Amino acid sequence: MRLTEFWRRMRVHFGDPYAESWARDFVIAPLGGRTVEQALAEGVSAKEVWRAVCQVENVSPRLR
C-alpha cells in the first residue's frame, strides 16, 4: 500500500481534520505502543500500520 492510499483511507474513516490528529496522538498497542506517525517514521510499512488501525478501530469493510 502506498502512503498516499494509507492517508486517503485515514481521511475517509476519521474525517479530514481528525485523521492527522488521531495519527499523531493515539497510541496503538499492535504497533508496539507507538502512534501511527511514530511507526511510519520508524519505517513500518503503511500496509502494516493500516492493519493495526483496523484492529483497534471499527473500519468499514470497504476500506479494509
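Q: Where is leucine 31 found?
A: Leucine 31 sits in the loop between β1 and β2. Keep in mind that this is a predicted model.

Q: And is leucine 31 buried or exposed?
A: Leucine 31 is buried, because its relative accessible area is 3% and the cut-off for buried is under 20%.

Q: What is leucine 31 in contact with, leaving aside its neighbours within four places in sequence?
A: With those neighbours left aside, leucine 31 is in contact with Val36, Ala39, Val44, Glu48, Val49 and Ala52.

Q: How far apart in space are leucine 31 and alanine 41?
A: They are 12 Å apart, C-alpha to C-alpha, and ten residues apart in sequence.

Q: OK, on to the core. Which residues touch the most other members of the largest nonpolar core?
A: Those are Phe6, Met10, Val36, Val49, Trp50 and Val53, out of 21 residues in that core.

Q: Which helices supply at least two residues each?
A: α1, α2, α3 and α4 each do. The one that gives the most to this core is α4, with six residues.

Q: Which residues are buried in α4?
A: In α4, the buried ones are Ala46, Val49, Trp50, Ala52, Val53 and Cys54. What covers them includes α1, α2, β1 and α3.

Q: Let's do the rings. How many aromatic pairs does a search of the whole structure find?
A: Five aromatic pairs. One of them is phenylalanine 6 with tryptophan 7, an edge-to-face pair at 5.2 Å centre to centre, with 80 degrees between the planes. Phenylalanine 6 and tryptophan 7 are both buried.

Q: Why does the pair of phenylalanine 6 and tryptophan 50 count as edge-to-face?
A: Because the planes of those two rings are at 85 degrees, and over 60 counts as edge-to-face. Their centres are 6.0 Å apart.

Q: What does that pair tie together?
A: Parts that are 44 residues apart in sequence, because phenylalanine 6 lies in helix α1 (residues 3-14) and tryptophan 50 lies in helix α4 (residues 46-56).

Q: What are the relative accessibility values for phenylalanine 6 and tryptophan 50?
A: Phenylalanine 6 is at 0% and counts as buried. Tryptophan 50 is at 3%, and is buried as well.

Q: What else does phenylalanine 6 touch, not counting residues up to four places away in sequence?
A: Besides Trp50, phenylalanine 6 touches Met1, Val36, Leu40, Ala46 and Val49.

Q: Which rings link into a cluster?
A: Ring pairs link Phe14, Tyr18, Trp22 and Phe26 into one.

Q: Let me look at α2, then. Which residues are buried there?
A: In helix α2 (residues 16-25), Ala19, Trp22 and Ala23 are buried. They are on the same side of α2, because they cover an arc of only 95 degrees around the axis. What covers the buried residues of α2 includes α1, β1 (27-28), β2 (34-35), α3 (36-41) and α4.

Q: New topic: charges. How many salt bridges does a search of the whole structure find?
A: Six salt bridges. Among them, arginine 11 forms one with aspartate 16, the closest N and O atoms being 3.1 Å apart. Arginine 11 also meets glutamate 20 in a salt bridge, at 3.0 Å from N to O.

Q: Are those two, arginine 11 and glutamate 20, buried or partly exposed?
A: Arginine 11 is partly exposed, with a relative accessible area of 31%. Glutamate 20 counts as partly exposed too, at 39%.

Q: What about arginine 24, which residue does it meet in a salt bridge?
A: Arginine 24 meets aspartate 25, at 3.5 Å from N to O. Salt bridges that share partners also join Glu5, Arg8 and Arg9 into one network.

Q: Arginine 9, then: buried or exposed?
A: Arginine 9 is buried, because its relative accessible area is 16% and buried means under 20%. Arginine 9 lies in helix α1.

Q: Which backbone oxygen lies 2.9 Å from a polar atom of its side chain?
A: The backbone oxygen of leucine 63. Leaving aside neighbours within four places in sequence, arginine 9 is in contact with Met1, Trp50, Leu63 and Arg64.

Notes: Residues numbered from 1 in each chain as written. Predicted model: local features only at pLDDT ≥ 70, side-chain atom pairs only at ≥ 80, totals over all residues. Heavy atoms only, no water. Phe/Tyr/Trp six-rings, centres within 6.5 Å; stacked < 30°, edge-to-face > 60°. Buried < 20%, exposed > 50% of the residue type's maximum accessible area, 1.4 Å probe, protein only. Helix = DSSP H or I, 4+ residues; strand = E, 2+ residues; numbered from the N terminus. Polar contact = N/O pair within 3.5 Å; in protein donor to acceptor, adjacent residues only side chain to side chain. Contact = heavy atoms within 4.5 Å. Arc of directions from axis to C-beta. Salt bridge = Lys/Arg side-chain N within 4 Å of Asp/Glu carboxyl O. Core = buried A, V, L, I, M, F, W, Y, C linked by side-chain atoms within 4.5 Å.
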